[in-house]
Amino acid sequence: MAGHLLILLVSSIFVDNYLLSRFLGECPFLGVSKKVETAMGMSVAVIFVMTMTGVISYVVQTYILVPLGLEYLQIIAFIVIIATLVQFTEMVIKKTSPTLYQALGIYLPLITTNCAVLGVALLNVQMGYNLIDSIVYSFGSAVGFAFALVSYAGIRERLAFAPIPKTLEGFPSALIGAGLLSLAFLGFRGLV
Amino acid sequence: MLQDILYPLLILGGMGFLFGAILAYASQKFHVDVDPKQQEVREVLPGANCGGCGFASCDAYSQAAAEGKADTNRCVVGGQAVAEKVAAIMGNKAEDVAKKSARVMCKGTNSNAVKKYKYHGIDDCRAANALAGGNKECRYGCLGLGTCEKLCPFDAIHVTPEGIAEVDEEKCTSCGICVKACPKHVIKLIDVNKRVIVFCNNHDKGKRVRQICKVGCIACRMCVKQCPENVISMDNNLSVIDYDGCTNCGACIPKCPSKTILNLDKIASEAVIS
């Protein structure tokens with residue numbers, strides 16, 4: 001049992017990384033990855049939102065939608081859950097850390113429409129995970145998201161100082177960096 | 001049958017109600033007091049979010065102004081009226097807002113400037129600029145494809161039939177969007193009270209300028225010698241007026257052999273100089 005969960009955790013962080021293998025939720029990946037500090041903040045927000053979404057969407061799916069035969073309402077119901085969670089997180093962050101709130105700016109409300117979050121809720125259902133599996137998988141996916149985002153931000157911070165040809169400055173070099181990072185993560189295939 | 005409609009309605013409605021209640025509670029629990037001054041300042045700002053003040057949005061500026069971190073006269077769109085209101089809220093005297101207007105520093109119309117090739121590409125100066133620096137021999141002049149015209153949120157800049165962008169200073173709010181967008185950097189923000197302007201952006205040597213444009217600055221230094229205030233200087237083969245000292249006397253205008261320096265009030269009636 002424990003071994004199965006460990007495998008699930010590792011595979012969701014590294015092998016099936018949302019940003020670099022599944023290519024979900026790329027908007028913040030390019031948007032908030034200019035500084036490690038903001039990437040960290042975004043990561044914490046995403047970890048919280050994704051894990052909570054995983055849990056609540058599982059409960060709603062199993063105990064409300066399935067018994068009533070309303071599975072077709074999945075997407076709407078999950079979006080409502082995500083939107084609420086994001087609003088809630090936004091309020092908490094605004095209260096507790098105005099600096100982080102400023103730094104995240106528009107990207108915090110954008111988690112609402114981040115397909116990685118919806119993806120985790122839908123994949124939990126598709127893969128037929130139970131509650132504990134769902135929690136581990138959601139948390140692992142979010143940590144994987146955070147891991148990729150922060151390491152990419154680290155790369156971009158260094159790229160800013162690198163002597164790059166004029167035509168590749170800015171986004172082009174950032175995208176090339178993202179591609180290489182994705183290649184590196186694809187190397188984890190076969191690990192699990 | 002009725003169930004098919006009723007259940008989804010109840011479930012989603014119930015969820016919405018529940019989550020709404022949670023959020024309503026949270027918004028009270030985690031309420032952050034906003035500086036009432038910020039609210040007031042925000043209300044008197046025009047809300048164009050143009051960025052002319054140097055802040056990302058009217059919200060950002062109102063916050064900085066309310067905290068006393070920014071001057072009360074930063075809003076160029078609102079001008080003096082808004083500066084006074086902001087200052088009144090902040091309880092200090094309004095400093096003067098120097099109203100600026102964008103100026104296209106080029107009069108290289110189709111008849112004045114020599115063309116390098118016929119351009120048939122995308123109708124955008126930035127695209128034309130990418131193609132060997134545009135279709136004019138002059139590397140510095142207005143391309144006249146109207147990128148600024150399309151971007152201007154205030155309808156204040158238009159490309160004339162002669163192929164040069166011109167600014168309507170009545171409408172211009174000096175937000176600077178065109179200044180940033182122009183690939184030739186030929187648009188400058190200048191105090192509207194300064195009427196004598198060198199309408200050229202060309203840094204080439206005089207001989208070359210003579211070949212490619214009838215109204216380009218040939219760097220003859222006549223204006224420099226004429227200026228009674230000594231505020232005209234040569235910057236890399238281009239006459240530049242230091243507007244802090246310019247008195248609009250116009251002594252430089254009659255001496256300019258290529259008629260590059262013009263008085264805005266005089267040309268308003270003639271419209272186009274050929």
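These legends accompany several close-up views of a predicted model.

**View 1. The largest pocket holds about 820 Å³ of space.**
Start here and look for the residues around the opening. The lining is made up of 24 residues, and those closest to the centre of the pocket are Lys94(A), Tyr101(A), Gln102(A), Gln38(B) and Gln63(B). Both chains take part: α4 (74-96) and α5 (98-104) of chain A, along with α2 (36-44) and α3 (58-66) of chain B, each bring at least two residues to the lining. Which helix gives the most to the lining? That is α3(B), with five residues. Sorted by class, the lining has nine nonpolar, seven polar and eight charged residues.

**View 2. Chain B is built with ten helices and eight strands.**
This view steps back to take in one chain before the next close-ups. Chain B has 274 residues, and 43% of them count as buried. Its accessible surface comes to about 14,800 Å², with 54% of that belonging to carbon and sulfur atoms. Now think about which parts of the chain touch. Among contacts in chain B with a separation of 6 or more, 56% are between residues 24 or more positions apart.

**View 3. Arg103(B) sits in strand β1 of chain B.**
Strand β1 covers residues 100-104. Is Arg103(B) buried or exposed? Its relative accessible area is 4%, and the cut-off for buried is under 20%, so Arg103(B) is buried.

**View 4. Met90(B) belongs to helix α4 of chain B.**
In chain B, helix α4 runs over residues 79-90. Met90(B) has a relative accessibility of 18%, which is under the 20% cut-off, so Met90(B) counts as buried. Not counting residues up to four places away in sequence, Met90(B) touches Lys37(B), Ala65(B), Ala66(B), Gly68(B) and Thr72(B).

**View 5. Phe14(A) and Phe188(A) form one of the model's aromatic pairs.**
Over all chains, the count of aromatic pairs comes to seven. In this pair, the rings of Phe14(A) and Phe188(A) are 4.9 Å centre to centre with 45° between their planes, and the pair is tilted.

**View 6. Tyr129(A) and Tyr137(A) make a tilted ring pair.**
The ring centres of Tyr129(A) and Tyr137(A) are 5.2 Å apart, and their planes meet at 45°. Why is this pair called tilted? Planes under 30 degrees apart count as stacked and those over 60 as edge-to-face, so an angle of 45° puts the pair in the tilted group. Tyr129(A) and Tyr137(A) are both buried.

Note on methods: Residues numbered from 1 in each chain as written. Chains lettered and ligands numbered in written order. Predicted model: local features only at pLDDT ≥ 70, side-chain atom pairs only at ≥ 80, totals over all residues. Heavy atoms only, no water. 1 Å grid on protein atoms, 1.4 Å probe; cavity = no way out; pocket = protein on both sides within 12 Å on 5 of 7 lines; lining within 4 Å. Points joined across faces, edges and corners; volume = space filled by probe spheres on them. Helix = DSSP H or I, 4+ residues; strand = E, 2+ residues; numbered from the N terminus. Nonpolar A, V, L, I, M, F, W, Y, C, P; charged D, E, K, R; others polar. Buried < 20%, exposed > 50% of the residue type's maximum accessible area, 1.4 Å probe, protein only. Contact = heavy atoms within 4.5 Å. Areas by Shrake-Rupley, 256 points an atom, 1.4 Å probe, with all protein chains shown as cover. Phe/Tyr/Trp six-rings, centres within 6.5 Å; stacked < 30°, edge-to-face > 60°.
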